[in-house]
Amino acid sequence: GTPDYVSPEQAEDAQQADARSDIFSLGGALYFLLTGEVPFPGKSLVEKIRKAIVGPPPSPAVKRKDVPPALDAIVRKMLASDPAERYQ
């Protein structure tokens, strides 16, 4: 995956990545489509990955007021740092 959309577990150990990693990446793409920004901006790959590991990005609804609460919740669940907290 590209640095802006790679899941934390894929960045740490690609062998541990599963379908939930794809959900994370899809959530990142959806975040970008909604906000026009990547979910975890940074100047380097390490900074982007660190932000993805540490916690969720800003809520899409904070960035754009017309994002429905239900869609905001879906995106945030897709971008959970812990794969167990994402859609299965």
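1. Where do Lys 51 and Glu 47 lie, and how many residues apart are they? Both residues belong to helix H3, and they stand four residues apart, which is about one turn of the helix. In this predicted model, the two side chains form a salt bridge whose closest N and O atoms are 3.7 Å apart.

2. The model contains six salt bridges by the rule applied here. One of them joins Lys 48 to Asp 4, with 2.7 Å from N to O. This pair links distant parts of the chain: Lys 48 sits in helix H3 (residues 45-54), while Asp 4 is in the segment before helix H1 (8-12), and the two are 44 residues apart.

3. The partners in that bridge fall into two classes of accessibility. Lys 48 has a relative accessibility of 16% and therefore counts as buried, because the limit for a buried residue is under 20%. Asp 4, at 22%, is partly exposed.

4. Another salt bridge is formed by Arg 20 and Asp 18, and its closest N and O atoms are 2.7 Å apart. Arg 20 is partly exposed, with a relative accessible area of 21%. Asp 18 is also classed as partly exposed, at 34%.

5. Turning to the aromatic residues, the structure has one aromatic pair. Phe 24 and Phe 40 make up this pair, with their ring centres 6.0 Å apart and an angle of 5 degrees between the planes. The arrangement is stacked, because planes under 30 degrees apart are classed in that way.

6. Why does the pair tie together separate parts of the chain? Phe 24 lies in helix H2 (residues 19-35), whereas Phe 40 lies in the loop between H2 and H3, so the contact joins parts that are 16 residues apart in sequence.

7. Lys 77 lies over the face of Tyr 87, at 5.0 Å from the ring centre.

Definitions and conventions:
Residues numbered from 1 in each chain as written. Predicted model: local features only at pLDDT ≥ 70, side-chain atom pairs only at ≥ 80, totals over all residues. Heavy atoms only, no water. Salt bridge = Lys/Arg side-chain N within 4 Å of Asp/Glu carboxyl O. Buried < 20%, exposed > 50% of the residue type's maximum accessible area, 1.4 Å probe, protein only. Phe/Tyr/Trp six-rings, centres within 6.5 Å; stacked < 30°, edge-to-face > 60°. Lys NZ or Arg CZ within 6 Å of the ring centre and 35° of its normal.
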